[in-house]
Amino acid sequence: MIKLDKHGPIAVLTLNRPEAMNALGEPGDGDQVAAACAEINADRALRCAVLTGAGKAFSAGGNVKAMQSRSGAFAGDPASVRNGYKTNVHRIVESLWNLELPMVAAVNGAAIGLGCDVACMADIRISADTAKFGVTFLKLGLIPGDGGAWLLPRVVGFSRACELLFTGDVIDAQQACAWGLVSKVVPADQLMPEALALAERIAKQPPTALRLAKTLLRQGQSSSYQAVMEMSAAAQALMHHTKDHEEGVAAILEKRTPTFTGQ
């Protein structure tokens with residue numbers, strides 16, 4: 001259900017179940033996403049990732065037909081369903097959240113429920129002008145079982161997260177941009193070129209420092225000020241002793257474009 005392609009320093013992850021609007025949470029999905037993310041983290045030649053969906057949707061979330069038939073991920077008693085969330089759905093979102101590279105979500109269509117929360121796992125989101133966003137769990141008599149209750153307020157703020165969840169409203173790309181859910185809206189046919197161009201700009205940065213910068217930003221969301229300051233000083237001391245730091249300083253003084261190697 002997920003396809004990994006590599007274009008130089010850029011990894012493109014595609015949610016690839018277009019016949020089901022890229023529904024997520026089928027048995028084995030967590031293992032596939034975890035394997036793809038582990039491969040990306042281990043490849044030191046990669047510097048940025050792009051996440052998108054195949055077909056007309058980004059992801060419509062969970063499989064509603066499977067919910068009705070209580071099959072697949074929704075089969076069994078409450079303990080079985082809970083275990084399925086923890087070992088499968090949570091593995092999807094945690095693998096994406098723990099991706100070491102900066103990740104850009106190119107939201108090409110509907111991002112609903114789990115699909116919206118998966119988009120929020122990215123560091124930057126760009127949306128096609130035709131995309132829609134919704135946190136529609138309550139309309140199904142459910143709650144965010146995927147960690148969205150922790151993540152969404154950090155993306156759009158507590159009040160707007162409450163409005164999205166409590167109403168189940170589906171909003172368009174322009175409103176999503178106004179609320180900070182996405183940072184840019186572009187015509188649908190320009191979405192991937194825009195996302196790849198952004199990824200290419202990011203990929204020009206020194207790769208080790210880039211991964212550490214993402215780590216610090218993530219830690220800053222939940223750690224104390226003192227803890228982040230200590231981590232920052234320790235990481236910065238290491239960066240001062242890299243070849244990429246020497247290259248960056250030399251490039252500024254010589255008024256040229258730096259070439260970073262990850263050393």
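Let's start with contacts along the chain: if we take pairs of residues at least 6 apart in sequence, 70% of those contacts join residues at least 24 apart. Please keep in mind that this is a predicted model.

On to the overall fold. There are 11 helices and 10 strands in the chain. How does the radius of gyration fit a compact globule? For 263 residues, such a globule would come out near 18 Å, and the chain has 19 Å, which agrees. The C-alpha trace spans about 65 × 40 × 35 Å along its principal axes.

Now the surface. The accessible area of the chain is about 13,100 Å², with 56% of that belonging to carbon and sulfur atoms. Of the 263 residues, 45% are buried. For those of you thinking about charges, we have 25 positive and 25 negative side chains, and the centres of these two sets are 1 Å apart.

Let me zoom in on one residue, asparagine 41. You'll find asparagine 41 in helix 1, which covers residues 29-42. Is asparagine 41 buried or exposed? Its relative accessible area is 17%, and the cut-off for buried is under 20%, so asparagine 41 counts as buried.

What is around it? Beyond its neighbours within four places in sequence, asparagine 41 contacts Asn98, Leu99, Glu100, Leu101 and Arg211. With glutamate 100 there is a polar detail too: a polar atom of the asparagine 41 side chain sits 2.8 Å from the backbone nitrogen of glutamate 100.

How values were computed. Residues are numbered from 1 along each chain as its sequence is written. This is a predicted model: local features need pLDDT of at least 70, side-chain atom pairs count only at pLDDT 80 or more; totals for chains, interfaces and linings use all residues. Side-chain values use heavy atoms; hydrogens and water are left out. Helices (H or I, at least four residues) and strands (E, at least two) are DSSP runs, numbered from the N terminus. Buried means under 20% relative accessible area, exposed over 50%, partly exposed in between (1.4 Å probe, protein chains only). Contact means heavy atoms within 4.5 Å. A polar contact is a pair of N or O atoms within 3.5 Å; within protein, one must be able to donate a hydrogen and the other to accept it, and residues adjacent in sequence count only if both atoms are side-chain atoms. The radius of gyration is taken over C-alpha atoms; the globule rule is 2.2 Å times the number of residues to the power 0.38. Accessible areas come from the Shrake-Rupley method with a 1.4 Å probe; for residues, only the protein chains shown count as cover. Lys and Arg count as positive and Asp and Glu as negative; His and the chain ends are not counted. The place of a charge is taken as NZ of Lys, CZ of Arg, CG of Asp or CD of Glu.
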